[in-house]
Amino acid sequence: MAGDLPLAQDDIERLNAGLTDALDDDYGSLGRQLGRRGIDIDGVKAKVAGFSVAVPSWGAGRGGTRFAKFPIAGEPTNIHEKLEDCAVIQQLGRATPRVSPHFPWDKVGDYRGLREEAAALGLGFDAVNSNTFQDQPGQAVSYATGSLSSTRAEVREQAVAHNIECIEIGRQLGVTDLTVWIGDGTNFPGQQDLGRSLDRYLDAAAQVYAALPGDWRMLIEHKMFEPAFYSTVISDWGSSILVAQELGDKAKCLVDLGHHAPNVNIEQIVARLHRFGKLGGFHFNDSKYGDDDLDSGSINPHQLFLVFNELIEAEMNPRGEFRPAYMIDQSHNVTDPIESMLSSAEAIVAAYAKALLVDREALLAAQEANDTMMAFQALRAAYRTDVTPILAAARVGAGGAIDTIAAYRASGWRDRKAQERKAAGAAAGIV
Ligand code: LRH
Ligand code: MN
């Protein structure tokens, strides 16, 4: 059991005490409703209690755009403070026990120490993220010409070395996944040869792949555009799966929900990546236009449900191992990041819980019978079910809060941290 949980557990229990009768009533009536549909609510709760999603270290602070960032008092400015805030999210929500770090943003001198520090807070780590999309002070060569796909060999070598350094850090943190997103691309037709760019990327990525320990995976993250606005080297799931197949079995594809053109059928991409054994993981968020990095389920909760509907089907029909890395990747520009990640984790768990409620026999029978309306209704019946009591009951069972945001606000955590922590910089940009 973690030693230094950030909040007083009694305060959480005291707040829950005032909400327990209502929860029991809601849980009971939902249980009866689901019982009439042949579903055992306690079975669903058990699966929900076993579900988790990682939070991004970079999401613990305020995010921004190229125009501005508006920091809040008491926000974390280093990995130690970010871990504290992630521990608050875990203590209240009980669904985010891992933190996905980003290097060099989270660089420290002692990674084994950082691992112990996190464990004491009830946290572990998830996939490490490399960063060859920014230049760091004192860096030998710039990534202005790209990174793993740059025409300059010394730049590719530097990018390969950085990814291998991230693997070494990850080993000390006890993780087995490396997420590789590169912003490489062009802003002008003709700026780079579209074929040669990929060939250079493949050659450099193969060197990173070769450095992976036996039980590790390399998660290739595609993105349609930004920071490049004419072409992007790994722009879509097609490029990603072809690269992953070219590199080898340890290379998988990571789906960031915001990295697609509006209205792309992302749940079908999930089904395709799974079919070919290349579904490696997710960066959950939401968007209306571009890579908006908005809170998961805040704009299109139905899409999130349909993605989890495919994930349940995939888990029932595995193609090799089924072990997708579930992670949040958001930019909290206008909310308290802790509240956004509590709310987002709840939306993600809710999508999973609703997908568990789909009557898959009825769905398959209707599909095979080409009974379109009954097939759709099989999904809709699950989607319109309010699973809130199941999520709250699972949280309480694990020591969490029935109303996570009310408990967070009652804790006065942010005000307390505003007294302790130095002010965050207001430089524009993602972190
Ligand atoms: C790129 C991305 C990538 C991260 C970064 C913070 O848009 O989604 O996953 O490295 O955001
Ligand atoms: Mn991402």
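1. Of the 431 residues of the protein, 53% count as buried, where buried means under 20% relative accessible area, exposed over 50% and partly exposed in between, with a 1.4 Å probe and protein chains only. The model is predicted: local features need pLDDT of at least 70, side-chain atom pairs count only at pLDDT 80 or more, and totals for chains, interfaces and linings use all residues. Residues are numbered from 1 along each chain as its sequence is written, chains are lettered from A and ligands numbered from 1 in the order in which they are written, and side-chain values use heavy atoms, with hydrogens and water left out.

2. The protein has 16 helices and 11 strands; these are DSSP runs numbered from the N terminus, helices being H or I of at least four residues and strands E of at least two. Its radius of gyration is 22 Å, close to the 22 Å that the globule rule gives for 431 residues, so the protein is as compact as a globular protein of that length. The radius is taken over C-alpha atoms, and the rule is 2.2 Å times the number of residues to the power 0.38. The C-alpha trace spans about 65 × 60 × 40 Å along the principal axes.

3. Among contacts between residues at least 6 apart in sequence, 80% join residues at least 24 apart; contact means heavy atoms within 4.5 Å.

4. The accessible surface is about 18,600 Å², and 52% of it belongs to carbon and sulfur atoms. The areas come from the Shrake-Rupley method with a 1.4 Å probe; for residues, only the protein chains shown count as cover.

5. Strand β9 (residues 251-256) has 6 of its 6 residues buried, so it is largely enclosed by the rest of the structure. A251, C253 and V255 point one way from β9, while K252, L254 and D256 point the other way. Note that the buried set includes K252 and D256.

6. What joins β9 to its neighbours? Strand β7 (residues 217-221) runs parallel to β9, with 4 bridges between them, and 4 bridges also join β9 to the parallel strand β10 (residues 279-284). Two strands pair if DSSP finds at least two bridges between them. L254 is the bridge partner of E221, and G281 in β10 is the bridge partner of L254.

7. A separate point concerns the open sheet of 3 strands in the order β1-β2-β3, with parallel pairing. Its edge strands, β1 (55-56) and β3 (124-125), each pair on one side only. Strand β2 (residues 98-100) pairs with β1 over 2 bridges, and V99 is the bridge partner of V55.
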